Amino acid sequence: MSQSNSGTNQSSVSKRGASAKARQATAKATAPASQAADKAADKAGDVTSAASNGAERVAGASTAVAHSAAERVQAGRQAVIAASGQAVAFAKTAWTVIAHRKLLAAGVGAGLSALGATSYLAGHRAGRRTHGPITRLTGGRI
C-alpha cells in the first residue's frame, strides 16, 4: 500500500506540475494577445481623444463656414438692394423722359438748330478774306 500511496502522491504532484505548466503555457500563449489588447485599449484612448479633438476642429470649422456663409448672404443681399436701387432710378428716369417727351423733343430740336447756326457762322467767317486795320475801321470803303 505504500506504493499506491506514493503513486498517488506522485500523480497528484505530477498533476500539479502539469497544471502549472499548462498555466504557464497559457500565460505565454495569451501574453501577446494581452499585450495587443492593452495596446488596443491605449490606441482606443488615443483615437477617442483624437476624435474629440477632431470633433472640436470640425465644430470650429463648421462655425467658420457658417460665419462665412452668413457674410456671403449679407453681401448678396447688399448687392440685390443696390441693383434694385439702380433699377428704380433708371425706371424713374425713363418715366420722366416719357412723360416730358414733347418738351424733350423741342429742346433737342432747338439744340440742333443752334448747333447748325453756329457751325454755319463759323464756316462763313472762316471763308471771309482778312482785311487790314484801316479797311476794318472804315467798314470796307477804303
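Reader: What is the average pLDDT of the protein, and how much of it scores at least 70?
Author: This is a predicted model. The protein averages a pLDDT of 74. Of its residues, 60% score at least 70.

Reader: Which elements have the lowest and the highest mean pLDDT?
Author: Helix 1, residues 2–99, has the lowest mean, 71. Helix 2, residues 101–127, has the highest, 84. Where pLDDT is low, the predicted coordinates should not be read in detail.

Reader: How many helices and strands are there, and in what order do the elements run?
Author: There are three helices and zero strands. From the N terminus the order is α-α-α.

Reader: Why is Val-108 called partly exposed?
Author: Its relative accessible area is 46%. Buried means under 20%, and exposed means over 50%. The value 46% lies in between, so Val-108 is partly exposed. Val-108 is found in helix 2.

Reader: Which element gives the most to the nonpolar patch?
Author: Helix 2 does, with four residues.

Reader: How much of the protein counts as buried?
Author: Of 142 residues, 1% count as buried, by the cut-off of under 20%. The protein exposes about 12,100 Å². Carbon and sulfur atoms supply 65% of that area.

Key. Residues are numbered from 1 along each chain as its sequence is written. This is a predicted model: local features need pLDDT of at least 70, side-chain atom pairs count only at pLDDT 80 or more; totals for chains, interfaces and linings use all residues. Side-chain values use heavy atoms; hydrogens and water are left out. Helices (H or I, at least four residues) and strands (E, at least two) are DSSP runs, numbered from the N terminus. Buried means under 20% relative accessible area, exposed over 50%, partly exposed in between (1.4 Å probe, protein chains only). Accessible areas come from the Shrake-Rupley method with a 1.4 Å probe; for residues, only the protein chains shown count as cover. pLDDT is the predictor's confidence in each residue, from 0 to 100.
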